[in-house]
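This report describes a single protein chain for a reader who is new to structural models. Please examine the sequence and the structure shown here before reading on.

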Amino acid sequence: FDVYHQLLLNELMNSTDETIVAIAKKSIKEVDYHVDFSSSWLERLGDGTEVSHEKMQHAFNEMWRFSMELFQETEIEKEARESGVGADLNKMKEAYLLKLKELLAETSISIPEGEVQQFGGKNGRHTEYMGYILSEFQYMQRAYPQMKW
């Protein structure tokens, strides 16, 4: 995700919206740091012990099927791109795959071949795990409905 986020911010620096450009410029240093940080951990754990490699490869395999949805353009994203405000997700996809392959070449983690991609999250169709995640996020508000932040 960090690589996707970095590419997205770089694309948004070309937006016609000055506020979006300012946010992208302010955020890019932090996201560059995240890419470096997560890449180094990918390498450390992917080439670490047999157990760490196995866990990293398993995690990568589990998440890979969702990755291409990042580049599937919704109607809103299409309108934003066409108006010059948003990013060109199709252009980003090629750069993403290239960068990811470069990072993985430094590790023994591999992209699963023949994996069927899952789409639908951007349109509200989620796996059963979303319920558990939402429940966790909503805990405080549900436990203390009158809480003031």
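The term pLDDT denotes the predictor's confidence in each residue, on a scale from 0 to 100. It applies here because the model is predicted. Over the protein chain the average pLDDT is 92, and 100% of the residues score at least 70. Among the elements of the chain, the lowest mean pLDDT, 87, belongs to helix α7 (residues 139-143), while the highest, 97, belongs to helix α1 (residues 2-12).

**The nonpolar core**

The largest nonpolar core comprises 23 residues, and those with the most contacts inside it are Tyr-4, Met-92 and Tyr-96. Two or more residues of this core come from each of the elements α1, α2, α3 and α5 (89-105). Leaving out residues up to four places away in sequence, Tyr-4 touches Leu-70, Phe-71, Leu-89, Met-92 and Tyr-96.

**The packing of two helices**

Two packed helices are described by the angle between their axes and the distance between the axes. For helix α2 (residues 18-46) and helix α3 (residues 50-67), the angle is about 125° and the axes lie 7 Å apart. Where the helices meet, α2 contributes Leu-42, Leu-45 and Gly-46, and α3 contributes Ser-52, His-53 and Met-56. By class, this contact of α2 with α3 has three nonpolar, three polar and no charged residues.

Is Ser-67 buried or exposed, and what is its relative accessible area? Buried means under 20% relative accessible area; Ser-67, at 8%, is therefore buried. Ser-67 is found in helix α3. Glu-69 is found in the loop between α3 and α4 (75-83), and it counts as buried as well, at 10% relative accessibility.

| Residue | Relative accessible area | Residues in contact |
|---|---|---|
| Ser-67 | 8% | Tyr-96, Gln-117 |
| Glu-69 | 10% | Gln-118, Phe-119, Gly-120, Gly-121, Lys-122 |

Tyr-96, in contact with Ser-67, is also one of the core residues with the most contacts. As for Glu-69, its C-alpha atom is separated by 22 Å from that of Met-13, which stands 56 residues away along the chain.

Definitions and conventions. Residues are numbered from 1 along each chain as its sequence is written. This is a predicted model: local features need pLDDT of at least 70, side-chain atom pairs count only at pLDDT 80 or more; totals for chains, interfaces and linings use all residues. Side-chain values use heavy atoms; hydrogens and water are left out. Axes are lines fitted to C-alpha atoms, for helices over the stretch in contact, and angles run from 0 to 180 degrees between N-to-C directions. Helices (H or I, at least four residues) and strands (E, at least two) are DSSP runs, numbered from the N terminus. Contact means heavy atoms within 4.5 Å. Ala, Val, Leu, Ile, Met, Phe, Trp, Tyr, Cys and Pro count as nonpolar, Asp, Glu, Lys and Arg as charged, and the others, Gly among them, as polar. Buried means under 20% relative accessible area, exposed over 50%, partly exposed in between (1.4 Å probe, protein chains only). A nonpolar core is a set of buried Ala, Val, Leu, Ile, Met, Phe, Trp, Tyr and Cys residues joined through side-chain atoms within 4.5 Å.
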